[in-house]
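This report describes the computed geometry of a two-chain model. The sequence and coordinates are shown first, followed by the account of each chain and of the contact between them.

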Amino acid sequence: MSALDNKTLFWGLFFVILLSLIAVFAQFISPYAYDTIDADNILQPPSAGHIFGTDQLGRDVLSRMIYGTRISLSVGFIAVGIATFIGIILGSMAGFYGGFIDRAITIFIDIMLCFPVFFLILAIVALLEPNIYNIMIVIGLTSWMGQARLIRAEILSLKERDFILAEKVLGASNQRIIFFHLLPNAVGPVIVSAILGIAGAILVESGLSFLGIGIQPPTPSWGNILSEAKSTLGIAWWLSVFPGLAIFITIISYNLVGEGLKKYLR
Amino acid sequence: MNSNILLKASKLNTRIFYKDSVVNAVCDLDLELREKEILAIIGESGCGKTMSMLSLTNLLPQSAKITEGQILFNGKDIEMDNEDQLRKIRGAQISYVFQDATASLNPLFSVGEQIREMFITHEKIPSAESKNKVLEVLESVNLKPAEKYYSYYPHQLSGGMNQRAMIAMAIASKPKLLIADEPTSSLDRITEMQILNLLRDLNKKMNLSIIFITHNISIIENFADRIVIMYAGRIIEKGDAKEILRNPKHPYTKALLKCLPKKENKDKFLNTIEGNVADLSDLPDGCKFNPRCPYVMDVCLKEEPEFKKVSEGHFTKCYLE
């Protein structure tokens, strides 16, 4: 079966690639700058000049959303990158060495899982300056537990396989066994879970921005566009519907890619 | 044969700890192996063959531990706690080949890549040269044309070819000793003979000593120089291969030989040894074979026999004359 026969994967990939292209070429495709204020055209409904309408400062919603894509995707990718990195290191240590190290790391994971993550992030961001880098790091530092558990479980089962014993027998070092033999064999499920994690991270970022402690205006993110939209919800539907839709499509397409890959890798 | 002794294990004891119980997987094992010798270790499943071999380079699972004993390899003591030293010995001087070669190869890398890893790990040879070395090794195990097999993945090869690849990997850094743990048990008879011939060839050409673990007594007559019979973690008979096969002394060895299918018995059921394999956690007093032994005497129930010389180079642990 080729990857494209898999409809889930195909449509997921289609939207993910489309969104990534939008993010990369934001300054070329957005019709206006994201922060140009036009006082004569505030709260205009969608029209030929402003396809998605304008907000209460007269800024073009489409342009702001296109730039918002960039923010959301980069937060998603980098946060998940950090989470996966930590997950790989801690998970493979726990799985491979076992014993005390395993117990310590597992307990640490359990402790981290006890926190309601969103409130933990809220608390940390409230202490730090809420800029995009801090958001990425904080989301990354609070979402690695799933990855670590997954990798630990994979390594636990893989390290009992004969070829790992064969490697040990033939004199390979532990590091070599972990990085050259165990992790490459565990990469499938890890990628799937990372892609699903990107959707989660984007959602967390939107939520934080919506609450006003994520990405700070005037930098646009889908979350803070929504946040500004809530005061005019009754009179300007386009301000909330389009960014909401963007979040919806992004999350769903990353989930589709994740699920599709899961099926494909089997 | 008066050549040098390559490996000497004395009073080797390996115990498995499980919850509160302790199992003596290997008990007072004394083993000698000369250079260029092929030694076969024979015994039923669970009699400690694999455990004793894994003990040699301390590759035991976490629950098992060497509690006593000394291992001299090539005149030097193998320190069981010195992981660095052990790693240099494993693969470079003592290599292993296991039963299921297909499972022993990493499915993600081609056979050649995996053999090349041996050179990278042990000899620090730059990758350009190492490819030629890998091709040489592949040729030496009769995987020809080597260039073609280099890029094959384990799932593209048959069990026998994978076993050859495994052997290639094991002999890549020219070890002195190859421990083959039932390398042919999952192969058909023809492939089995080919692998045995290959091992014999390597034994002659590379001066490779081989410890060959098997429970198939019929294949070793023309293969092994010496035989060790194990039962319940203990060596119960050892000596020259031909001598033991012709003149077995221990009832267990006799029983094993009787279990072989023979032409003249073709209408009868195969013989089996009465009773079950010894339960290592619940061993009888005295000789460990006594519950199954047809010639059991009073003394067998009380005291475990010591090695007794039968003839030159043939020892057995049995009170029977």
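## Chain B: composition and dimensions

Chain B contains 11 helices and 12 strands, where helices (H or I, at least four residues) and strands (E, at least two) are DSSP runs numbered from the N terminus. The model is predicted: local features need pLDDT of at least 70, side-chain atom pairs count only at pLDDT 80 or more, and totals for chains, interfaces and linings use all residues. Residues are numbered from 1 along each chain as its sequence is written, while chains are lettered from A and ligands numbered from 1 in the order in which they are written.

The C-alpha trace of chain B spans about 70 × 50 × 45 Å along its principal axes. Its radius of gyration is 20 Å, which agrees with the value near 20 Å for a compact globule of 321 residues; the radius is taken over C-alpha atoms, and the globule rule is 2.2 Å times the number of residues to the power 0.38. Of the 321 residues of chain B, 41% count as buried, a residue being buried if 20 or more other C-beta atoms, placed from the backbone, lie within 10 Å of its own, exposed if 12 or fewer, and partly exposed in between. For contacts in chain B with a separation of 6 or more, 65% are accounted for by residues 24 or more positions apart; a contact requires C-beta atoms, placed from the backbone, within 7 Å.

## The sheet of chain B

Eight strands of chain B form an open sheet with mixed pairing, in the order β6-β7-β8-β3-β9-β10-β12-β11; two strands pair if DSSP finds at least two bridges between them. Its edge strands, β6 (94–97) and β11 (308–311) of chain B, each pair on one side only. On average, neighbouring strands of this sheet are turned by 20° against each other, direction ignored.

Helix α1 (residues 49–56) of chain B packs on the sheet and touches β3 (38–42), β6, β7 (177–181), β8 (209–214) and β9 (226–231) of chain B. The direction of this helix makes about 150° with that of β8(B); axes are lines fitted to C-alpha atoms, for helices over the stretch in contact, and angles run from 0 to 180 degrees between N-to-C directions. Strands β10 (residues 234–240) and β12 (residues 314–316) of chain B pair in the antiparallel sense over three bridges, and B:E237 stands opposite B:T316 in β12(B).

## Buried positions

B:I217 lies in the loop between β8 and β9 of chain B. This residue is buried because 20 other C-beta atoms lie within 10 Å. Not counting residues up to four places away in sequence, B:I217 touches B:I42, B:L256, B:L257 and B:L260. The C-alpha atoms of B:I217 and B:I42 are separated by 7.0 Å, although the two are 175 residues apart along the chain.

Chain A has 11 helices and zero strands. Its C-alpha trace spans about 75 × 45 × 25 Å along the principal axes, and 44% of its 266 residues count as buried.

The contact takes 15 residues from chain A and 21 residues from chain B. On the side of chain A that touches chain B, the elements giving two or more residues are α8 (162–169) and α9 (174–210) of chain A, and α8(A) gives the most, with five residues.

Key. Contact = placed C-beta atoms within 7 Å.
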